[in-house]
Amino acid sequence: GQKELMEVLNIGILLSKEKDRTRLLNMIVDMSMKFTNCDAATLYLYENDALTFKIMKTHSQNINKGEKGEKIDLPPVPLKEENVCAYSAIHRKVLNVEDVWTNTMFDFSGPKTYDKLTGYYTKSMLVVPMSNYEGRVIGVLQLINAQDENGTVISFEKEIEPIILALASQVAIILVNLLYLEEIKTQIWSFTEALAETVDARTPYNGSHIRKVAQYAELIADYINQLHEQGKEEEYFDQQRKEQLVMGALLHDIGKIVVPLKVMNKAKRLDGKEEVLYKRLELIEAYYEIDCLKGNLSYEEAAIKKEQLKEIRELLEVVNGAGFITEDLRKRLEDVLSLEYEGEKGKIAYFTEEEKECLLIQKGTLTKEEREIMESHVVMTERILSKVHFNTYYADSPTWAITHHELLDGTGYPRGLKADQLKLESRIMAVADICDALLASDRPYK
């Protein structure tokens, strides 16, 4: 009738909106049981040339297995024609069994054994194949013991068969689409994680940086959700928003794949220039001793120069590996960087201009030129990601990835964006990035 038709249409609309596979399977079972007024149901999915138990429900015995996607500990049903559900799958045919105990066409030893063990009585059965538009069987829906208004077990009505078949087929099509979507997502994630692994593997320092940033970003999102549930925060991260955030975090340093290793792995300010510098200071010390022996320099003056050179070496050891140059260190540096030897060998500067530039770096180990090269990784990240097609599900991930070095006051890079131009996700990524930089035990400077 008109009422049943409208109900079927409404069920179809609800099914088509569902994007979670487990919830979708539960919906088709619950709706079919309600529509046929039956007591029990089993849903199988076709996997590895057999029918695997996915959901089992029996109202009268309060049985509900597989509802949350948990595995049902029963052996899969092989595709042999004597099994009623397998026959339905093989021939893509609806089977309406009036009485399991008198039917001789199929092997019902399983239900009969179950009945003897539990005291249940399986009688009527409607078995419906779940086929997609290509005719490929995805699974089987098995409905058990239709009931009348008084709860008496009756046969399933013939008129109901095409309706349940239509619903089962629609679920099969949705399942296939969800499977395709899951495969696409899996492909995107595996490719993203492979790129992240490649970038992390380029440097011996903090080799899990990208994965840690993704982990911290997800933790922050989860914490925001906790605050939201407590009524303390308006923002909320649903599954899609959180997945986009984590993917953006995994992509945020992809541009470092083209940054030269000598810049990426520069652990100290002098970075290999120490040997030449120390040899020069040793040579200058030897010149002072020669000048002293030749009478061009007093013994006391030579001793002062030697002590000064010792202090310079000690200062260099501190400065070379320091994460941040304090005002005191900077002043001490400036006092010695302009020193030069002047004697019989002429004039020799203690430090070259390049060495001075390296030692006067206030934060980190990179010179201005090297920092510009390093900062270019964000621009390169944007260039790389602009070549990748992100479907609508992950459309925002690249945008958030390329803004992780912007700052609220506009002093960040590469675009100098300000607070009102930065999304929450960009801010979360920036905080996670800084957090890992500070917490990492194997990063040479902070």
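# Questions on a predicted model

Visitor: Which residues lie nearest the centre of the second largest pocket?
Guide: The lining of this pocket counts 26 residues. A pocket here is an open set of points on a 1 Å grid over the protein atoms alone, where a 1.4 Å probe fits, with protein on both sides within 12 Å along at least five of seven lines; lining residues have an atom within 4 Å of a point. Nearest the centre are Tyr44, Phe53, Gly110, Pro111 and Gln142.

Visitor: Which elements give two or more residues to the lining of the second largest pocket?
Guide: Helices (H or I, at least four residues) and strands (E, at least two) are DSSP runs, numbered from the N terminus. The contributors are β1, β2, β3, α3 (84-91), α4 (109-118) and β7.

Visitor: How do the residues of that lining divide into nonpolar, polar and charged?
Guide: Ala, Val, Leu, Ile, Met, Phe, Trp, Tyr, Cys and Pro count as nonpolar, Asp, Glu, Lys and Arg as charged, and the others, Gly among them, as polar. On that scheme the lining has 16 nonpolar, 7 polar and 3 charged residues.

Visitor: What are the ground rules of the model?
Guide: The model is predicted: local features need pLDDT of at least 70, side-chain atom pairs count only at pLDDT 80 or more, and totals for chains, interfaces and linings use all residues. Residues are numbered from 1 along each chain as its sequence is written, and side-chain values use heavy atoms, with hydrogens and water left out.

Visitor: Why is strand β2 largely enclosed by the rest of the structure?
Guide: Buried means under 20% relative accessible area, exposed over 50%, partly exposed in between (1.4 Å probe, protein chains only). Strand β2 spans residues 50-58. It is largely enclosed because the buried residues number 8 of the 9.

Visitor: Which strand joins β2 over 8 bridges?
Guide: Two strands pair if DSSP finds at least two bridges between them. β2 is antiparallel to β4 (residues 77-78) over 2 bridges, and 3 bridges join β2 to β3 (residues 63-65), also antiparallel. The antiparallel partner over 8 bridges is β1 (residues 38-47).

Visitor: Which residue is the bridge partner of Thr42 in β2?
Guide: Elsewhere, Leu51 stands opposite Val77 in β4, and Thr58 has Ile63 in β3 as its bridge partner. For Thr42, the partner is Met56.

Visitor: Which residue takes a positive phi in the hairpin of β1 and β2?
Guide: Most residues other than glycine have a negative phi, and most peptide bonds are trans. The hairpin of β2 and β3 has 4 residues between its strands, with Asn62 in the turn at a positive phi of about 55°. The hairpin of β1 and β2 has 2 residues between the strands, and there, near 55°, is Asn48.

Visitor: Is Asn145 buried or exposed?
Guide: Asn145 sits in strand β7 (residues 137-147) and has a positive phi of about 60° although it is not a glycine. Its relative accessible area is 2%, so Asn145 is buried.

Visitor: What distance separates the side chain of Asn145 from the backbone oxygen of Tyr121?
Guide: A polar atom of the Asn145 side chain also lies 2.8 Å from the backbone nitrogen of Lys123. To the backbone oxygen of Tyr121, the distance is 2.7 Å.

Visitor: What is the omega of the peptide bond from Tyr413 to Pro414?
Guide: Pro414 is in the loop between α14 (397-401) and α15 (424-439). The bond is cis, with omega near 10°.

Technical notes: Polar contact = N/O pair within 3.5 Å; in protein donor to acceptor, adjacent residues only side chain to side chain.
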